[in-house]
Amino acid sequence: MYMPGYVPSSSLGFDSSIMDAVTVENSYRNSPYFHVAHARDLTGRDKLVYRLLEMLPGFLSWGTIITIIVLSINAPVVAAFFIIAFDLFWLLKTVYFSLHQRHNFRRLRHHKRQNWHEMLEPLKYEGIHHMVILPYYKESREIVEQAIESVETADYDRQRVILVLAAEERAGSEALEIGEAMLKKYKHTFGHMILTVHPPDLSGEIKGKGPNITWAAERTKEEVIDPHKIPYEDIIVSAFDIDTVVEPQYFLCLTWHFLTTEHPHKASFQPVPLYNNNIWDAPAVSRVAAFSSTFWQMIQQEREEKLTTFSSHAISFKALNEVGFWQKNMISDDSRIFWNLFMANDGDYRVVPISYPVSMDANLAPSLWQTMVNIYRQHLRWMWGQESIPYMLFGFMKNPRIPFKSKVFHTLVQIEGFWSLSTAPLIILLLGWLPLLLGGDAFRDTVLSYNLPFVTRNLMIVAMMGLILSAAIGLSLMPPMPERLKKKRLSRYLGASLQWLLVPFTIIIFGAIPGLHAQTRLMLGKYMGEFWVTPKHRKGS
Amino acid sequence: MKPLSRKFRRGLFWGLFAVFVVGTPILIGYSQGYRLDDALELIQTGGIYIHSDLANTNVFLNGEFVEDNGVLIRNTLIQDLTPNRSYELWVEKEGLQSWVKILRVQPNLVTEARVFMLPETLEWETIPATSTLRIAGTVTTASTSASSTTVVANPAHVELQTFFTSSRDQFEVEIATTTYTYVGAVRVATTTILREIQFPGWLETLASTSALSDKTMVRERDGVVAWLDNGNIHATWARTDEAAPYFFCNTTATCTPEFLIDWEEPIERYNFYPNRNDVVLVSTNRGLFAIELDNRSQRNIQVVSDTPSLDFRIDTNDVLITFDGTVFKTTSW
C-alpha cells in the first residue's frame, strides 16, 4: 500500500495564488541574482566573484592536465602513481556505474511493461492536465507531425492535454505555415492546442530554446490556463524537443510519479532520453554518442540525489510559474531550470527519475563528416551546461537558507562530474603515456616505467568489459529494424554490436574535447550567445 | 520497481572505496616490482628487457624456456627477478648463431640488452673479375674462323672496384686546391684534390680531447664514435646532451666513458653493423667477425667469414661486400 503524496487541487477547491503571495516575499527568486546568466550581468564585487567562479571548471581541468605534464617531466614517479591510482579509480567507477545502469535497464523495461492505468486507479488523477510544449525552429513537417502524433496516440485523456506548438518567428513563413497546418489538423484532437510565435530580438533574450518555451508557457497561461481556470497545481508541463516522441504510457507514468511524489511541486520529473527515432539510419559513431548519453542518464536515474534535468523533462506549472519559467538569457535552459527551482526553494527541490523512455533523433546528416561535426556541436552545447556551476556556487553563497550539507554535496557532484568528463578520457588514453615520453632515462629504466603501460592497459581492458554490457543493453533498447534495412540485417546487427569499439575515440572527441572547449570558453568569458539547434535529418527527407 | 536502494548504493560505494584504498598501494607497489620472496619477505625485484628485431626466437633464462618472442612484439620483458643476482640469457633460433648474455639485475631497474644473431651460414655471391661471353653465331671468313666465346672484364666487378677505391671514410672530405703557373704568357691552372678529415661541430670537443684527427677510421653511428688505434677499437658516447645507452653502463648501473676492443691480433678494418650502433664488423688476419660493443659479460662474437684480412664495405642497401684481393663477394645477411 502506498500513500499518495498529492491530491489534485481541483478536487479540493484550492486557490494556489494565496500560497504564492505568502512565499514569494522572502524568496531568493526575487533577488537580483536569480536570473543571472553570466558575470557580465552583475556589477562590482559580485561580478568579480561570479567571474572567478566561471573560471573554476576550466582552471581545474587545465590545472589537472598541466600538472600531469609537469609531473611527468619533473617527477615521473609521482605522475605514474597518480595515473595508476586514477586508472583503478576509473575501473571501480565503471563497476559502480555498470551496476546502476543494469538496474535501471531492468527498471526501464519493467516500467514499459507496467500497466500504469492500473497503477493510477486508486488515485484521483482526473483533474491532472498535461501541457506539452513542442518548440521548433526550421524542422520539417514530418518531424513536427511525428511528435504531435505520438502525443495524440499516447494513452491519456486527450481532453486533458494542452498541446503548445512553439514556433520561432525568425524561422520564417514556412515554419509558421507548418504550425498553422498542424493547428488546423489537430486542434480538435486535444483539449487545447495553441500555436505560439516567439518574436525575435526581444530585450534580454538570447536566440535559443529557453526564450521560446518561456514565451509559449506565458502565452498558454494567458490564453488557455487562466481563461479556463485550470489550477496551476494540476498541470504538469512536459518541455520537449520537437523530435521527442513519447511512448504510449508516458503521461500515465508521469502522472503516477507526480501524484505519488511527496511535494510534487518541489520536484522535476526526468524520463530517460533514447535516440531511437532514426537510430538504424545513424552511423556507428552517432549511435555510440547517442547511447553514451542515454546510458549516463540511466545511471543518473538510479542516483536521483545527483540528477538534474536534461533535455526533455517535466515540471509542474505551479513550480514553473513561481520562477518565471525558463531562463531566457542563457543556453542551457534545461539544466538551469533545476537550479532556478533549487535556489527558489532554498535547496528543497529535487529531480524524480521516472525511468520511462522518450525517444529523440540521433545525430544524422547527409555526410558522415557533417554528422560528426553536428555531434561535436551538440555535445559542446551540452557541455556548456557548465555555465550553471558558477550560478550554483554563487547561489550557494547568496542563499543562506540552503543547508550547508546540501551545498557541499552539490558542489562536489557538479564539479567532479564536469571535471571528470573533460579530463578522465585524456588521462586514461593519452596522458598515461607521458611519464614514459617525458620522464627521462632514469625513469625509463625503472620497473615502474615498464609496468605503467601494462597496468594501465590491463585495468582498462577490465573496465572495457562494461562495454559488453553496454552493447547488450544498447541492442535491447534499439527499436525493431525498419523493413527497408532488413536485407542487410546481419551486418547492421554486427555493426550495432561492434560499434562500442569506437568508445575510446568518442569519449575523447565528443566528451573530453568539447568539455574542455566549453570550460575554456567559460574561463575566458567567451560566452555562447546563440543556441545551436541540432539539425534534424531523416533518411529520404 | 524501485530504484537501487540508498543502503545498497552506500554499501557498494564504501565497498569499492575500500578496494580503492587497499588496492592502490598494492597496485603501485606491484608496478614498482615489489613481490614476496620465498621467505614471504617483501623485496623489490628487477627485470630484463631484451630488444630484438628477429621473429620467433626462443628465449631462455638460466636454462629455462621463457617464451617464443612471436612475430609482432618481438621484444621480451622478463620481470619479478630477484635482484643483485646475475642471470644468463640465451636466445636461439634454428639456422642462426645463438646469442648469450649474462646480466646482473638491480632492484627497481630493468636491465636492457639487444639481441644480434647472424645466420650460421651466410649465402655469398661471388663477383668474378671476368665474364665469358658466348657468341650467338659463328662467323666464318675465308681465312679465319671466329671463336664462339670471349673473355671480357666483368662490369659488376669493375663497378665494385670503383666503389672500393672511391669510397671515403665517414668524416673525410675532398678539398680542391688550384695553383696557377705561367708557361710563357699562358696561365695554366692546376687543380689538386686532397682528402682531409673534418668533424662536425657537435663532435669538435671530443675530437680535440681524444685527438681524433690522429686516429684512423673514425666513424660515428647514432651518437657512438669509434676509431682504430694501434690495432684496437675504441668507442665512446659522443652526445653530451643525452644519457649514454644501456650498453655503456656496467652491472652496477654506472656508465663507462669508453669501450676498448683489444684483440691479440691487430684489427685491420672495422665498421658499424647496418642499423646498429652497438655491433661492429671487424676484419683481422683470422677472418671477418661481428662483435658487440656491450661488454657487460663476455662479448658475443659471431663469424661472418673465415677468410683472413678481408677488405669490406657496406653499401647503401646494407649489402656487405668483401674483397680478398682478387674476388668480390656480396651477402645481404
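Why does Leu48(A) count as exposed? Leu48(A) has 12 C-beta neighbours inside 10 Å and therefore counts as exposed; a residue is termed exposed if 12 or fewer other C-beta atoms lie within 10 Å of its own, buried if 20 or more do, and partly exposed in between, with C-beta atoms placed from the backbone. The model is a predicted one, in which local features need pLDDT of at least 70 and side-chain atom pairs count only at pLDDT 80 or more, whereas totals for chains, interfaces and linings use all residues. Residues are numbered from 1 along each chain as its sequence is written, while chains are lettered from A and ligands numbered from 1 in the order in which they are written.

**View 1. Leu48(A) in helix α2 of chain A.** Leu48(A) belongs to helix α2, which covers residues 44-74 of chain A. Helices (H or I, at least four residues) and strands (E, at least two) are DSSP runs, numbered from the N terminus. Along the chain Leu48(A) and Pro200(A) are 152 residues apart, and 31 Å separates their C-alpha atoms.

**View 2. The eight-stranded open sheet of chain A.** The strands follow the order β3-β2-β1-β4-β7-β6-β8-β5, with mixed pairing; two strands pair if DSSP finds at least two bridges between them. At the edges are β3 (192-198) and β5 (245-246) of chain A, each of which pairs on one side only. Strand β2 (residues 161-168) of chain A runs parallel to β3(A), and seven bridges join the two. Within this pairing, Ala167(A) has Val197(A) of β3(A) as its bridge partner. Helix α9 (residues 284-301) of chain A packs on the sheet and touches β6 (267-274) and β8 (350-359) of chain A. The direction of α9 makes about 145° with that of β6(A); axes are lines fitted to C-alpha atoms, for helices over the stretch in contact, and angles run from 0 to 180 degrees between N-to-C directions.

**View 3. Strand β4 of chain A and its two partners.** Strand β4 spans residues 235-239 of chain A, and five of its five residues are buried. In a regular strand the side chains alternate between the two faces of the sheet. On one side of β4(A) the buried residues are Ile235(A), Val237(A) and Ala239(A), and on the other they are Ile236(A) and Ser238(A). Strand β1 (residues 129-135) of chain A runs parallel to β4(A) and is joined to it by five bridges; here Met131(A) stands opposite Val237(A). The pairing of β4(A) with strand β7 (residues 313-316) of chain A is antiparallel and has four bridges, and Ile236(A) faces Ser316(A) across it.

**View 4. Helix α12 of chain A and its buried face.** The 16 residues of α12 (368-383) reach 22 Å from the first C-alpha to the last, close to the 22 Å expected at 1.5 Å a residue; the expected span is 1.5 Å times one less than the number of residues. Thr371(A), Ile375(A), Gln378(A), His379(A), Trp382(A) and Met383(A) are buried in this helix. Seen down the axis of α12(A), its buried residues fall within an arc of 135°, so they line one face of the helix; the arc is that of the directions from the helix axis to the C-beta atoms. These buried residues pack against α9 and α20 (503-524) of chain A.

**View 5. The side of chain A that touches chain B.** In this interface, 26 residues of chain A are in contact with 25 residues of chain B, where contact requires C-beta atoms, placed from the backbone, to lie within 7 Å. Helices α3 (76-113) and α17 (447-464) of chain A each supply at least two residues of this side. The largest share, 13 residues, comes from α3(A).

**View 6. Tyr87(B) in strand β7 of chain B.** This strand covers residues 85-92. Tyr87(B) counts as partly exposed because it has 17 C-beta neighbours inside 10 Å. Apart from neighbours within four places in sequence, Tyr87(B) is in contact with residues including Ile48(B), Leu61(B) and Val105(B).

**View 7. Phe325(A), a residue with positive phi.** Phe325(A) has a phi near 65°, although it is a residue other than glycine. Its place is the loop between α10 (317-322) and α11 (333-344) of chain A. Phe325(A) is buried, with 26 other C-beta atoms within 10 Å.

Key: Contact = placed C-beta atoms within 7 Å.
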